[in-house]
Amino acid sequence: MTNAQKAEMAARVRDETLHAWKGYKQYAWGHDSLKPLSKQPFDWYGPGHTLLMTPVDALDTLILMGLTPQADEARKLIDSQLNLNQDIYVKDFEITIRLMGSLISSYEMTGDKRLLELANELGWRMLPMFDSPTGMPYEYVNLRTGTVRGTKSNPAEIGSLLLEYGMLARLTGKQEYYDKAKRAVVELYKRRSPIGLVGSEIDVETGAWTNPTAGIMGGIDSYYEYLLKASILFDDKECGQMWRSSEIAIDKYLADFEPDGLWYGQADMNTGVRTHTLYGSLDAFYPAVLALGDDLERGRQLQESSFRMWMIAGIEPEQLDYSTMKVVSPGYPLRPEIIESTYYLYHYTHDPRYLAMGITYYTSLVKYCRTDAAYAALEDVRSKVKADAMESFFFAEVMKYLYLIFAPESTLDFNAVIFTTEAHPLKRTLGMKLR
Ligand code: DMJ
């Protein structure tokens, strides 16, 4: 592709983002998200309890795309209306990655101090979640009272708070944020099996595993991602060591070399015996992690498998059994991971194959998910029947990564940031280091 062709693709992605944003604005302004088929607003925690999930999660994408009037209107709404003092039990993982991550990255991009104030308020309101006997967070915390719920959690939800809380510690000088999020990761890592794997569910009060299935799938995924990324963002040697030892166990027990290519399946965390051969849209984050962690060749191989998954139905299913190539979970909730990995691989290789993949994703999204109001998830990628949902990560991740594949590299200096698991870029250098 010539630079002019890439610029045209980037402009198309921006136009489609604007299309979806206009739908949100027209039908769901001031609410968490838009239901794109019924054109109704949706609030995660019930009517009257908005946390402005879409405008907050979308804000740094709007800024990066140069959609300045839209970014300004979103920022005004957030600055004046985001009310965190609500009697609701929120899921700490989702609120951290979607809200805190974007408030911090958007603060870094705009210098708007109100955004940092809100991130800090969210931080202290959620801090009681770490007050379990093990230091691993409960699953839910009440934003007004600080009371907690949910003793069963998983590695992703326990281990994917450190980038956001660590940056908040840096920006506010409150070391406690870093220490509590770091302790949660270390406590989880300490409970890995003798062969170095973690399971998919753990009791945060007793520290006992309640599901021993290991994998890189949803529920575990971003725990591994954050070990590597925290080691880079905070120059945290202990996280680096935890990542390297985990990567060895992942390679040994979860990687699966089939005749048609490389996949990652599931195994018992204690024995390493293969239990399932499932791979899905969430697993497709891993090529990006491999590339960032210097295993570009393996990242490229796995990306080919992810792309094969996408091509089965012309848009990816939530899960397939790679031993039979049968779809076992047919939905497509507008997931971004495969696009994220494509962006990383294009950045590192400049191989036009990844631009071609980007065009394929764009074409499929427009063909199967676009509605007159916005973009919709799919109930079933085989029938292409739509679902009445548009998650905020459509703005935060899908459109951002798609745009960055084609936009000039000067749009965002890849090497100057670490992307959170929700695609919020955090600045790598602040001239100040935590221990
Ligand atoms: C996002 O909220 C994040 O990427 C998370 O790590 C996994 N799930 C969604 C996107 O699929």
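Colleague: How many nonpolar, polar and charged residues form the shell around the ligand?

Modeller: There are 4 nonpolar, 1 polar and 4 charged residues. Ala, Val, Leu, Ile, Met, Phe, Trp, Tyr, Cys and Pro count as nonpolar, Asp, Glu, Lys and Arg as charged, and the others, Gly among them, as polar. This is a predicted model: local features need pLDDT of at least 70, side-chain atom pairs need 80 or more, and totals for chains, interfaces and linings use all residues. Residues are numbered from 1 along each chain as its sequence is written, and side-chain values use heavy atoms, without hydrogens or water.

Colleague: Which residues surround the ligand?

Modeller: I97, L282, R335, P336, E337, F393, E397, T421 and E422 do. Each has a heavy atom within 4 Å of the ligand.

Colleague: Where are polar side-chain atoms placed against ligand oxygen atoms?

Modeller: Look for N or O pairs within 3.5 Å. For R335 the distance is 2.7 Å. For E337 it is 2.8 Å. For E422 it is 2.6 Å. The protein covers 93% of the 290 Å² of accessible area that the ligand has on its own (Shrake-Rupley method, 1.4 Å probe).

Colleague: How many helices and strands are in the protein?

Modeller: Count DSSP runs: helices are H or I, at least four residues, and strands are E, at least two. The protein has 15 helices and 20 strands. Its radius of gyration, over C-alpha atoms, is 20 Å, close to the 22 Å from the globule rule (2.2 Å times the number of residues to the power 0.38) for 435 residues, so the protein is as compact as a globular protein of that length.

Definitions and conventions:
A polar contact is a pair of N or O atoms within 3.5 Å; within protein, one must be able to donate a hydrogen and the other to accept it, and residues adjacent in sequence count only if both atoms are side-chain atoms.
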